[in-house]
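Please keep the sequence and the structure at hand while reading.

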Amino acid sequence: LVQLPCNNSVVCNHVQDASVCRSLAEGHLPADNGAWMCGEVPRELPSWGTVVYPFVYIPISTLLLLSLLLKVLNRLYRTAAKSERAHKFITNYIGSRDHHFPRNVEIVIFLSWVQIILSVFVMGSFVFRTYTQSLPVNLRNLEFGCSCVFILNYIYGAFRNEFHGDYVWDKETLVDLFTIPGAIFGYFIIDQSGKDWLSLGFLRLVPALACFERLGELGALYTGGSEIVQHITRMAFRFAAFVACFGSFVLVFEILGDPVRVSGAHIRTGMGEIDFFTVGYWICETISLVGYGDFTPSTVLSRFVTILTMVSGFVVFTFEVGKIVSMIDKGKRGVGSYVPKNRDHVILVGGGVQNLDETFMTAFLDELYHVSYRSAWPDLVLMTCGAESLNKAKDMFNHNLSREARQRVKFLDGSILNNSDLKRCACGNAKLVWILADTTGTSDPFDEDKENILRALSLSVRYPTTPMMLMLLMPESKNKALSVGIPRQRCFCLNEIKGGLFWQSCCCIGFNTMMSNLMVTTEAEVH
């Protein structure tokens, strides 16, 4: 069994006779050499020049065009959504940014399953291409059909996100931009050299994984099994997608080789042919304690640096990972800190946070995070005392807030009476501090007001320039608050407001309705 080239570039894979093998080795070919050899002419592999248009130029051009198009479509969407019939259709069958899933979730489930099946098919097509190094016509047509379905799913997702400009930067839509245009380009413009079989179809596993998670969120993925079994199933799917995507990336880059500007830039040393990227790769390999052995330092100084790299890398990596785990644990237990951002933040404290009144808090959040002024949404820092009340607040907020609004909420465990906890809330930079009273009726109103007045004094002494709003229950408590120096415009009595509204409604029928409509933002104002 030998592998020798002959004069017609055919590779000899199998020779029956030893004398013929010796003749081939000496370069003497028998007259009927074709009978002694089998194999095919080696195919020329794709290069960066053949994939730069479908892999780079076309996706980036499509990204820029869609960014401009979505701005126009967003305005048209807002105009069309004013119609009651259109609004009802969107709510029932499409969804929106605030209500990501429509009322009829069957269409989302169906599209998710279609996305998963077709994405797995495209991944299988990628594997088939790499083994055959070809792209049959039937397979090309099937992938074009899959791309059309992916386009429809992209449009549906754009509708669900209200054609917002940031939709093009979502991980699922970025995969669409780097896979769909290239497939359509390859369908209409066929490379006659046969080097167009390489694709980025393996990236379709990313939206497939997102659809898999979405089905689990909708409860449409499992019909039985314990929570551990379900978690193992999701973990296995994630791991398979991780291995397939990164392995495919390595395969693609090995097929394409180094770009022209990178290839040929190696420096021949005792360690081997190296350059900046090669050394960076080797350092990461050393720090991670993998050590493939493909490169070995040859000088004393470089070996000494390698020892320092391994020791310091292990220590730093362990320390940083422990720090990250500690931060995650603190965030879950509410003992972390709020980091101010380039936007306003509001702080909620008091008995109304300790003992949540879900009806009252839901109305408060509906006004604070109303869709009509999404661009001006502030961050919300909620501070309560005790793990039980903290977990109850998290559950209530997760149930009543949209995903985008939940990302602006920070839960902390502490007391406003402590200066360290005030610093954790970044009270000095707060736009407003709300001290809410307990409206559940489980605590004595006079005791509740006393505690809230103490909270207000603690804040005003340490941060006198920070605006606050003190909510009290009893009219007598308001006089006490004024007597200790709390400004009149910074405190109000709930029962006093109730009594005043009741009296005004008796004098003027419909007064309560008018005031309610003036103070409550409605859906009509969004349009």
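In this predicted model, Arg204 lies over the face of Phe150, at 3.7 Å from the ring centre.

**Aromatic pairs**

- The count of aromatic pairs comes to 19.
- Phe144 and Tyr187 form a stacked pair, because their ring centres are 4.0 Å apart and their planes meet at 15°, where an angle under 30 degrees counts as stacked.
- Phe144 belongs to helix H6 (residues 137-160) and Tyr187 to helix H7 (residues 171-188), so this pair ties together parts that are 43 residues apart in sequence.
- Tyr187 is partly exposed, at a relative accessible area of 28%.
- Phe212 and Phe237 are also stacked, since their ring centres are 4.3 Å apart and their planes are at 0°.
- Helix H8 (residues 205-217) holds Phe212 and helix H9 (residues 227-256) holds Phe237, so the pair ties together parts that are 25 residues apart in sequence.
- Phe212 has 8% relative accessibility and therefore counts as buried, the limit being under 20%.
- Phe237 is partly exposed, with a relative accessible area of 23%.
- One aromatic cluster is formed by Trp48, Phe126, Phe202, Phe249 and Phe253.

**Partners of strand E9**

- Strand E8 (residues 432-435) runs parallel to E9, and 3 bridges join the two.
- Within this pairing, Ile435 stands opposite Leu470 of E9.
- From E8 the chain crosses through helix H17 (residues 445-462) to E9, and this β-α-β crossover is right-handed.
- Strand E10 (residues 491-493) also pairs with E9 in the parallel sense, over 3 bridges.
- Met471 has Phe492 of E10 opposite it.
- A right-handed β-α-β unit is made by E9, helix H18 (residues 475-483) and E10.

Methods:
Residues are numbered from 1 along each chain as its sequence is written. This is a predicted model: local features need pLDDT of at least 70, side-chain atom pairs count only at pLDDT 80 or more; totals for chains, interfaces and linings use all residues. Side-chain values use heavy atoms; hydrogens and water are left out. Rings of Phe, Tyr and Trp (its six-membered ring) pair if their centres lie within 6.5 Å; planes under 30 degrees apart count as stacked, over 60 as edge-to-face and the rest as tilted. Helices (H or I, at least four residues) and strands (E, at least two) are DSSP runs, numbered from the N terminus. Buried means under 20% relative accessible area, exposed over 50%, partly exposed in between (1.4 Å probe, protein chains only). A charge sits over a ring if NZ of Lys or CZ of Arg is within 6 Å of the ring centre and within 35 degrees of the ring normal. Two strands pair if DSSP finds at least two bridges between them. A crossover is right-handed if, with the strands pointing away from the viewer, the path from the first strand over the helix to the second runs clockwise.
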